[in-house]
Amino acid sequence: MREHRASSIQRRNNLKGIRASLERVGAALAQDKVAWQAERGTYESVVRVLGSIERSAAAAPAAVAVPATPIAPAISSEPEPEIEVDARAFKPSTLLSIAGRATLDARKAALNSDHKDASRYEERLETAFSAFLEVVGDKALSYYLPIHMQDFATFLSRVPRNRSKIALFKWLTLKQTVDLNGKLPLDQRKPCLSETTVASYLSEVKNIWSQVSAGVMGLRDMGAYRVSMPKDAAASIDRQPLAAPSLNIWLRDAATPRLMNKPHKAWLPLAGLLTGMRLAELVYLQRTDIVDVEGNEVIDLTRPLSVGGKEIDLPVKTKTLKRYVAIHPLLHDTGFIEYAKSVTSPDGFVFGHFHSLRHSAKDWFREHAGERLADRSGGRGFLRVQRKTTVRSRRRMIILLDCGNAIELLPKIVFGE
């Protein structure tokens, strides 16, 4: 009995184990069913796709098999628009001779479009540009460094001045001229360019470079470089006025009857001394230039020349040269103004030959009227802060200037009377 019960318990436990195993198998089969159904769905989908491809291939005509070739890209029937670029859109690889020439030509077209004689400044630009190309070389714009300006200045300090007028250097290049002058004995070597001339060359090259580099990215700033003036450059000439004793000798001689018949010798010293006019202004002075402005008689340098019935506008160095020049009373007292108004020369020119006492006049103005008025009356500077012509108060100041006791004008006044 006891054994039978134990056997029953053992069978019951075995059945529970078998049942648990069957449940695990059932769960696994259920999972397999889901996976199988998914695989079955994929399979059926693939079969349907393949069937449709076979049907399409059967309906299409048989195609001739050809080797596979690359597919050429589609070509548009409309041409691509070309981007317009100015011929002066230079690159860092452009030669300086080409870019610089374009700059100089544009300036000439703006200021000298009728191709008349070039101005002095235009000539200096051309000369400085050619010299820089010869000395430093005609290279791509990206080649140039600020230190090349120092090299240029050092070379210029060894160039003989007025070399074009010296037969020894005729037809020679700058480098050949410098080499030849350096080989001459010390007592035969020609004087070299002054500091002022070297500085002028540098300024003109920097001007050209600033305009060239303005349109090209990545170029060096040559203008900001501070050049050391070479010791070989000659010192600048400090122009001094004639001393009063020398002026008196000239004036006394000019008042003699022998010279009064030669206006350019008799009147020119006095006119230069009391007006400070430049040589070119004196030689082009005409009787019609003496006019009345606001109650004061002045010399009008704003007027064009009248030659052969035609008006000619003279080129000027600076805009300040277009001005009125005050007439000092001594020019009336000595008889010069009367003479100038009554000249009978062709086209009314007052002088045919001339010399200048411009620097003596500037020294006189500077001492009695100050630096500012001296420069303005002589046609120099202060253009941005003053009017284009000397105003009435300044003309009156010049008219009332004391000539001083050192200058002997009595011979002129006596002869004029």
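Biologist: How much space lies in the second largest cavity?
Modeller: This is a predicted model. A search of the whole structure finds two cavities of 30 Å³ or more. The space in the second largest cavity is about 30 Å³.

Biologist: How much space lies in the largest cavity?
Modeller: The search covers the whole structure and finds two cavities of 30 Å³ or more. For the largest cavity, the space is about 70 Å³.

Biologist: Which element gives the most to the lining of the largest cavity?
Modeller: Leu 96, Phe 129, Phe 132, Val 205, Ile 208, Trp 209 and Met 222 line this cavity. Helix H3 (120–136) and helix H6 (195–213) are the elements that give two or more residues. With three residues, the one that gives the most is H6.

Biologist: How many residues in the lining of the largest cavity are nonpolar, polar and charged?
Modeller: The lining includes Phe 129, Trp 209 and Met 222. Phe, Trp and Met count as nonpolar. The division for the lining is seven nonpolar, no polar and no charged.

Biologist: Now the surface. What accessible area do Leu 15, Ile 18 and Leu 22 have together?
Modeller: Leu 15, Ile 18 and Leu 22 form a nonpolar patch on the surface. Leu 22 is found in helix H1 (residues 2–59). Together, the three residues of the patch have an accessible area of about 330 Å².

Biologist: Is Leu 22 buried or exposed?
Modeller: Exposed means over 50% relative accessible area. Leu 22 has 57% relative accessibility, so Leu 22 counts as exposed.

Biologist: Is Lys 231 buried or exposed?
Modeller: Lys 231 sits in the loop between H6 and helix H7 (244–254). Its relative accessibility is 76%, so Lys 231 counts as exposed.

Biologist: How far apart in space are Lys 231 and Glu 195, C-alpha to C-alpha?
Modeller: In sequence, Lys 231 and Glu 195 are 36 residues apart. In space, C-alpha to C-alpha, the distance between Lys 231 and Glu 195 is 9.1 Å.

Technical notes
Residues are numbered from 1 along each chain as its sequence is written. This is a predicted model: local features need pLDDT of at least 70, side-chain atom pairs count only at pLDDT 80 or more; totals for chains, interfaces and linings use all residues. Side-chain values use heavy atoms; hydrogens and water are left out. Patches are made of residues with over 30% relative accessible area and no salt bridge: like charges are joined within 9 Å, nonpolar side chains (Val, Leu, Ile, Met, Phe, Trp, Tyr) within 5 Å. Accessible areas come from the Shrake-Rupley method with a 1.4 Å probe; for residues, only the protein chains shown count as cover. A salt bridge is a side-chain nitrogen of Lys or Arg within 4 Å of a carboxyl oxygen of Asp or Glu. Helices (H or I, at least four residues) and strands (E, at least two) are DSSP runs, numbered from the N terminus. Buried means under 20% relative accessible area, exposed over 50%, partly exposed in between (1.4 Å probe, protein chains only). On a 1 Å grid over the protein atoms alone, a cavity is a set of points where a 1.4 Å probe fits but cannot get out, and a pocket is an open set with protein on both sides within 12 Å along at least five of seven lines; lining residues have an atom within 4 Å of a point. Grid points are joined across faces, edges and corners, and a volume is the space filled by probe spheres set on the points.
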